[in-house]
Structures are given as C-alpha cells and as structure tokens.
Amino acid sequence: MRKPQIVDRSLDQHFMREALALAAEGAALGEVPVGAVLVHDGVIVGRGFNCPISTHDPSAHAEMVAIRAAAQALQNYRLPGSTLYVTLEPCSMCSGLIVHSRIQRVVYGATEPKAGVAVSQGNFFSQGFLNHRVLIEGGVLGEECGAVLSAFFKARRESR
C-alpha cells in the first residue's frame, strides 16, 4: 500500500506567476504564450516557454524545455519529488515526458480543450498501463492563464 503524499500548495500561485512571466517572454518572440517552471525542494530548477517556432523544434514545448533544464541542473533524468507548474494543460507528448521523468505533481492553469490530456481529451495520467502516478491539479490562476492565451490569439487574428 502506498503512503499518502503530502502536498504543500502554499506556493502554487507564486510559482504559477513565474510560469506566466515565462509565457510572456515567449509571446514577445511570437511563440504561443505557455510557460513552465519545475520546482524541486522549493527551488526552481528548470524554466521554459514554448519555442518551437524560433528553435525549429516541434518538441520545444514549455514543459519539455523546463524538464530538460531541470534534468541538467540536477544531473538526473529522473525528477522524483518535483512539481511542474505550467500555464496550460499538458498535451500527450509532454504528459509522456512527465511520467518518464517521474515528476511527482503537475499544476496547470488553463485547460486545453483541443489537445490537453490531463482532463480535456482524456485522463492520461490515470491510465492503468503507466508505471508512475502523477498528481494533477488544474485551475491555478486558470482565468489569468487563459486570458493570456486568448489575448495572444485574438491579436494574431486581428493582425491578419
């Protein structure tokens, strides 16, 4: 039987604001404004924002960039006990990486009705075939995260 995991939610909004700041950096470069930070022992060890356009890398989602940076910083491809904060519900690619990285918890802001797999298009993290369980919490600063994305896409439509 597994021990219940104790979760400290007291800094969730703080770390989500850090992710929102990264999303703004991405937006300034013309990227879809999604930001992510990976926290281990209360310290941000990985930061990222969406950058597939500028890096010519379709895998350069905010989560992917933050997880890669954290793995390098910690010199470990496994990140147990860590929490990933991301402004948008993860897609299937990022969700697979989250499981393989052994991240303990994912906290996301806005849901992604088209491609999110935490809750919107399926419950990926609760699939029985997975060998690692990830705690998922959505809606942290969800309205703010969603508003950033909506404003970005509205401006993009208006500029065409």
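**Exercise 1. Determine whether phenylalanine 152 and phenylalanine 153 are buried or partly exposed in this predicted model, and classify the pair they form.**

*Solution.* Step 1: phenylalanine 152 has a relative accessible area of 14%. Buried means under 20%, so phenylalanine 152 is buried.

Step 1: for phenylalanine 153 the relative accessible area is 32%. The range between buried and exposed ends at 50%, and phenylalanine 153 is therefore partly exposed.

Step 2: the structure holds four aromatic pairs. One of them joins phenylalanine 152 and phenylalanine 153, with 5.2 Å centre to centre and 80 degrees between the planes. Planes over 60 degrees apart count as edge-to-face, and this pair is edge-to-face.

**Exercise 2. Classify the pair of phenylalanine 15 and tyrosine 85, and state which elements hold the two residues.**

*Solution.* Step 1: the ring centres of phenylalanine 15 and tyrosine 85 are 5.3 Å apart, and their planes make an angle of 35 degrees.

Elsewhere, Phe124, Phe125 and Phe129 make up one aromatic cluster.

**Exercise 3. Describe the largest pocket by volume, lining and residue class.**

*Solution.* Step 1: the space in the largest pocket is about 510 Å³.

Step 1: its lining has 24 residues, of which Val32, Val34, Leu88, Glu112 and Leu149 are the closest to the centre.

Step 2: helix H2 (52–55) and helix H5 (142–158) are the elements that give two or more residues to this lining. H5 gives the most, with four residues.

Step 3: by class, the lining comprises 13 nonpolar, six polar and five charged residues.

**Exercise 4. Describe the second largest pocket in the corresponding way.**

*Solution.* Step 1: the volume of the second largest pocket is about 240 Å³.

Step 1: among its 14 lining residues, those closest to the centre are Asp8, Val39, Gly42, Thr83 and Tyr85.

Step 2: two or more residues come from each of strand S1 (35–40) and strand S3 (83–88).

Step 3: the lining divides into six nonpolar, five polar and three charged residues.

**Exercise 5. Identify the buried residues of helix H4 and the elements against which they pack.**

*Solution.* Step 1: in H4 (residues 92–100), the buried residues are Cys94, Ser95, Gly96, Ile98 and Val99.

Step 1: these buried residues pack against helix H3 (62–74), S3 and strand S4 (105–110).

Step 2: arginine 102, which follows H4, has a positive phi, near 65 degrees.

Key. Residues numbered from 1 in each chain as written. Predicted model: local features only at pLDDT ≥ 70, side-chain atom pairs only at ≥ 80, totals over all residues. Heavy atoms only, no water. 1 Å grid on protein atoms, 1.4 Å probe; cavity = no way out; pocket = protein on both sides within 12 Å on 5 of 7 lines; lining within 4 Å. Points joined across faces, edges and corners; volume = space filled by probe spheres on them. Nonpolar A, V, L, I, M, F, W, Y, C, P; charged D, E, K, R; others polar. Buried < 20%, exposed > 50% of the residue type's maximum accessible area, 1.4 Å probe, protein only. Contact = heavy atoms within 4.5 Å. Phe/Tyr/Trp six-rings, centres within 6.5 Å; stacked < 30°, edge-to-face > 60°.
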